[in-house]
Amino acid sequence: MNLVRNHILISIDSSTIMAGARAVERAFVDELLNRGLQDEVSVLETGSLGLINRGVVLVVYPEGVIYADVTTKDVPEIVEEHILKGRFVERLVVKEMPKQHVIKREKTGLLKEQPRIVLRNSGIINPESIDEYIATGGYEAASKIINEMKPEEVIEEVKRSGLTGRGGAAFSTGMKWDFARRAKGDVKYIICNADEGEPGTFKDRLILEGDPHKLLEGMLIAGYAVGAQYGYIYIRGEYVLSIERLEKAIKDAEALGLLGENIFGSGFSYHVSIKKGAGAYVCGEETALIESLEGKRGHPRSKPPYPVTEGLWGKPTVINNVETLANIPEIMRNGASWFRGYGTEKCPGTKVYTIIGHVATPGLIEAEMGTTLRDIIFEYGGGIKNGKKFKCALVGGAAGAFLGPDMLDVNMDFVSLREYSAVLGSGAILVMDEDTNIVEMLKNVLHFFRHESCGHCVPCRLGTAQLVKIIDRVADSKGKREDIDKLLRISEVMRDTSFCPLGQSLYLPISSTLKYFRDEMLSMI
Amino acid sequence: MERDEIIKKFSPSLDNILFILHALQDNNPQNYLSKDDIRVCAEYLNVPYSYVHSVASFYTMFSLKPRGRNIIRLCDSPPCHLMGSGSLLEYLKESLNINVGETTEDGFFTLELTSCLGVCGVAPAMMINDEMFGNLTPEKVNAILDMRRKS
């Protein structure tokens with residue numbers, strides 16, 4: 001093996017590819033070849049470093065210097081200055097990095113130290129290399145479990161960890177697995193819900209792009225615990241790179257016997273395949289997802305029976321979010337009590353957030369459960385863009401609530417937010433500054449729901465249409481005073497009578513807008 | 001490629017219907033599912049024509065009418081809206097001289113709106129066919145359209 005003195009890790013994810021990361025990667029390879037450095041310096045691909053909207057991002061080791069906004073034109077300079085002369089190209093070094101350019105993380109900003117469980121390998125290993133995943137301890141938990149533990153013991157451990165569903169519903173993962181394990185059925189399924197459609201959410205995409213094997217290992221452990229033979233990953237058709245990387249990951253895992261027949265010689269067989277969606281927000285709802293996976297229109301089913309007893313093709317089925325499953329290998333490797341060391345008593349662990357909108361540094365972070373909204377926006381997100389004032393944040397996507405300044409110091413976790421009639425949801429935090437027109441934002445949210453309502457039940461189909469009519473009128477300054485309360489009343493009826501969470505959740509954005517901005521809405525009348 | 005060749009890549013099982021429809025649509029030079037596409041899919045899966053039509057019409061990624069060579073899908077979800085997708089939509093409509101859901105006369109561009117593309121960090125964003133574009137401004141959109149016209 002060659003001794004390499006420098007490693008250049010280029011972040012290859014959907015955002016950096018847009019900015020030309022592949023061209024920069026090629027330019028490095030060419031430049032190093034021209035200078036005869038190809039054996040001394042290696043160019044590697046990795047996942048997202050969490051810096052979003054900073055163009056092409058890369059790290060040069062061993063110094064651990066992070067460069068952002070790199071273009072092909074900068075490549076000769078980086079090679080000449082950094083690699084050959086040992087001088088950093090200051091103008092491209094990420095500002096948040098401390099002067100000494102050590103790997104130590106900063107106190108604030110997206111590079112602030114984070115408790116990384118789910119994103120542990122993202123931006124560090126090459127997501128397309130199963131060897132690198134294994135070198136970080138990957139598949140260690142799965143191997144130990146399948147060889148040494150009983151399925152019931154695995155479920156007990158997951159229950160003890162207190163892990164709850166990270167897709168938004170926050171149901172106990174261990175309980176869900178237990179129900180499915182006890183359910184009668186010769187065939188059982190695990191489905192990974194990667195139909196990430198909640199506006200403002202792209203955490204699952206970055207997990208899949210950055211560390212696809214972590215998800216596969218999580219699914220493998222889930223399959224063993226529940227007694228399933230098949231796993232499906234239902235993923236958005238738009239997530240082109242995630243699909244590519246997952247396909248490769250599955251093939252590589254099968255080649256090593258980590259998926260397929262008789263895994264680790266234990267007699268346990270488990271197959272994972274990918275199913276591509278085709279653009280329907282409602283398919284994020286678990287029963288609609290099952291319908292879609294079976295090859296039907298994505299209409300939700302009535303519950304009960306719940307999927308854990310009658311799911312895919314009528315068989316017991318566990319449906320878990322990407323982030324939930326990505327927690328599993330770490331929990332099983334380090335133990336439930338280690339996991340409980342993070343987060344709060346009632347809500348252990350971490351949460352992956354996407355911070356976007358009017359913040360100085362939009363990005364992806366993983367923070368402990370219970371971190372305040374203020375810390376997330378001001379510590380990690382760098383505060384409000386252009387020195388403006390904070391107006392509100394839409395937390396949890398379009399199906400979430402607008403939270404005003406009085407909510408900045410509330411602990412962000414599933415339990416605490418519920419007390420304030422808010423939700424953590426998928427972890428999307430859309431920040432708005434003082435100049436934001438709240439009526440326009442609400443209008444946009446309601447239009448979104450009208451478009452995505454699947455038409456299956458009357459309250460949602462007609463309700464969304466009426467809400468759009470009213471908000472359009474108000475935004476056009478043609479509304480009446482009673483329109484404001486009509487919005488609330490319709491959404492209340494929808495909350496109480498809609499068939500699935502899509503129609504039920506509109507109440508949140510509407511009631512929270514009225515709580516904070518009733519006067520602003522009335523001023524449009 | 002012939003339709004029969006394409007669908008044979010998938011086993012004739014109903015849960016492959018979205019894969020098959022994606023593949024047929026990608027293969028259609030007009031980027032849509034024609035009646036023949038739907039018929040072939042229905043026969044292969046042994047379900048009625050109306051069944052395939054109802055599935056195809058449910059999902060926004062499928063189109064039942066001919067589209068241009070380049071499908072522009074501008075994101076109009078709250079994050080992109082907040083960052084100014086509304087004015088971009090007006091700009092696109094004006095410079096292409098079409099409305100949402102329409103195709104330019106030369107068959108080059110179709111303009112569509114889409115729900116969140118999951119690249120909100122670089123909002124406002126759009127997709128043209130399989131490629132993503134972010135941090136859009138009218139100037140940038142103009143340059144992208146020009147490049148597409150030339151390629």
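Trainee: Leaving aside neighbours within four places in sequence, what is Ile221(A) in contact with?
Mentor: Ile221(A) touches Ala141(A), Ala142(A), Ile145(A), Val154(A), Ile328(A), Pro329(A) and Met332(A), where contact means C-beta atoms, placed from the backbone, within 7 Å. This is a predicted model, with local features needing pLDDT of at least 70, side-chain atom pairs counting only at pLDDT 80 or more, and totals for chains, interfaces and linings using all residues. Residues are numbered from 1 along each chain as its sequence is written, while chains are lettered from A and ligands numbered from 1 in the order written.
Trainee: How many residues are in the largest nonpolar core?
Mentor: That core has 201 residues, and Ile221(A) and Ala125(B) are among those with the most contacts inside it. A nonpolar core is a set of buried Ala, Val, Leu, Ile, Met, Phe, Trp, Tyr and Cys residues joined through C-beta atoms within 7 Å; buried means 20 or more other C-beta atoms within 10 Å, exposed 12 or fewer, partly exposed in between.
Trainee: Which helix gives the largest share?
Mentor: Helix α9 of chain A, residues 212-226, with 9 residues. Helices are DSSP runs of H or I, at least four residues, and strands runs of E, at least two, numbered from the N terminus.
Trainee: Switching topic, which peptide bond is cis with omega near 15 degrees?
Mentor: The one from Tyr61(A) to Pro62(A). Pro62(A) sits in the loop between β3 (58-61) and β4 (65-67) of chain A.
Trainee: And what is phi of Asn129(B)?
Mentor: Near 50 degrees, a positive value in a residue other than glycine. Asn129(B) is exposed, with 12 other C-beta atoms within 10 Å.

Notes:
Contact = placed C-beta atoms within 7 Å.
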